[in-house]
Amino acid sequence: MEYKLALGLEVHLHLKTAKKMFCGCDADIYGKEPNTHVCPTCLGLPGALPVPNFDAVKMTQLLGLGLNCTLNNNSHFDRKHYFYPDLPKGYQISQYKQPLCENGFLILDSGEKIEIERVHLEEDTAKSFHEGGKTLIDFNKSGMPLVEIVTRPVFKTVVDAVAFSKKIQDIVRVLKVSDADMEKGQMRLEANISLRTSEMESKKILPDYKVEIKNINSFRFMEKAVESEIKRQSEVLASGKKIKQENRGFDEKSGKTLSQRDKEEAHDYRYFPDPDIPPMEFDQTYLLGINTSLPQLPYQLKETLKTTYKLSEKNSISLTNGLGLLCVNLFMRVVESGGDSERTANLLLNRPETRDLTTEQIIKLLTGVSNKIKDTELEIITNEVIAKNDDAVKEFKTGKMGSLEFLIGQVMKNAKGKADPVIVRKMLTDILSK
Ligand code: ZN
Ligand code: MN
């Protein structure tokens, strides 16, 4: 029996505010001495009162709009109760009944539409370290503004789940609401995984359980964890047993997921509105103001590249994902100054070193290329120069970079200026490092 994957994602992101979520502590906590960015509020001391950070609220709403959500006119914070050493209050301030944003979606480059259930705002917990039989806690992260994006269980492959997460990373960076650096813990993923039969999939029936993989801190990690979980669950189902609803963590060493604790149902958290924080109400003028401050997002930019700049689907995708976004503005300027769209895109995408050039230099490079000498001819000249300059070649191999510049100069001279120095440099290093 072949089972089908049903996967839902929760993406947690640290917002790029100056202060923490409910206190005046500096939010630049990365790489700082433990327990140096703390106060009675984020330490959860009795009597300390939370004051919401309005910048974090606005950033969450901006992100919600970017993810095609509806912004709620009325919203409030709830207490989510659970006991854990890194949560000294015994509850986390989060949102349950009235999140800031609901019912959004994002369309992947594959055309798959990913439905987003909600985008809400909460506070992060502290961080525990387990060392030599002791547990140490760093409270710098406690009370950091944390936005949570929850999708519906619509992912059928882990490839789409990774593509979605990468798009979220690009979007929050374009919006300047988060740096989303996974190594710094600014972006963390959780995957809810269950399996079902193809019949259930076609009838859109969800399985009656889900297994949550917590704290996924890299895309590779997510791929491995999901694959191992599909294997484990298939085996349990094939043996005729039921799968337990629980939280599992991925163990890098064994490449398997391990049981952590039984998964709570919403009612286990005893959510109720936080009585220390008044409910929020947003008027139309304010919400429209957020709408007008929304910049062009990668998925909109992709359409612009296709229609206005007549760029192919493939290159439009490359220029509006990940590193491509770093040179998309330069691409538009070059094309506006007369550069051919496809050739400009290929140049910027394939040769990263050209991204530091000016518009004029790129145009020159593009128009010059056609009357340049052929690569085969250039290779002959390059090999001749290498053969004639033994000393420079030996020096290069001992690490003297100056001799490479000398060799490039020789090739350029012999090619009578018709060669492209960037290509010459690559050709020489390729041949010499063989
Ligand atoms: Zn604080
Ligand atoms: Mn959460």
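Me: Is H12 buried or exposed, and what is its relative accessible area?
Reply: This is a predicted model, in which local features need pLDDT of at least 70 and side-chain atom pairs count only at pLDDT 80 or more, while totals for chains, interfaces and linings use all residues. Residues are numbered from 1 along each chain as its sequence is written, chains are lettered from A and ligands numbered from 1 in the order in which they are written, and side-chain values use heavy atoms, with hydrogens and water left out. A residue is called buried under 20% relative accessible area, exposed over 50% and partly exposed in between, with a 1.4 Å probe and protein chains only. By that rule H12 is buried, because its relative accessible area is 7%.

Me: Which residues coordinate the manganese ion (ligand 2)?
Reply: Donors are N, O and S atoms within 2.8 Å of the metal (3.2 Å for Na, K and Ca), and because water is not among the atoms, sites may look incomplete. The coordinating atoms lie at 1.9 to 2.4 Å from the manganese ion (ligand 2), and the donor residues follow the spacing H-x109-E-x25-E in sequence. They are H12 (NE2), E122 (OE) and E148 (OE).

Me: How many residues apart are H12 and E122, which link distant parts of the chain?
Reply: Helices (H or I, at least four residues) and strands (E, at least two) are DSSP runs, numbered from the N terminus. H12 belongs to strand 1 (residues 4–14), whereas E122 belongs to strand 7 (residues 113–123). E122 is buried as well, with a relative accessible area of 2%.

Me: Why is helix 12 oblique to helix 13, and at what angle do their axes cross?
Reply: Axes are lines fitted to C-alpha atoms, for helices over the stretch in contact, with angles running from 0 to 180 degrees between N-to-C directions, and contact means heavy atoms within 4.5 Å. The contact involves residues including F396 of helix 12 and L404 of helix 13. Helix 12 (residues 390–397) and helix 13 (residues 401–414) have axes that come within 7 Å, and the crossing angle is roughly 140°.

Me: Where does K310, which has a positive phi although it is not a glycine, lie?
Reply: Most residues other than glycine have a negative phi. K310, however, has a phi of about 50°, and this residue is exposed, with a relative accessible area of 65%. K310 lies in the loop between helix 6 (298–307) and helix 7 (313–319).

Me: What percentage of the 434 residues of the protein count as buried?
Reply: The protein has 14 helices and 16 strands, and its C-alpha atoms fill a box of roughly 80 × 60 × 50 Å along the principal axes. Of its 434 residues, the share that counts as buried is 47%.
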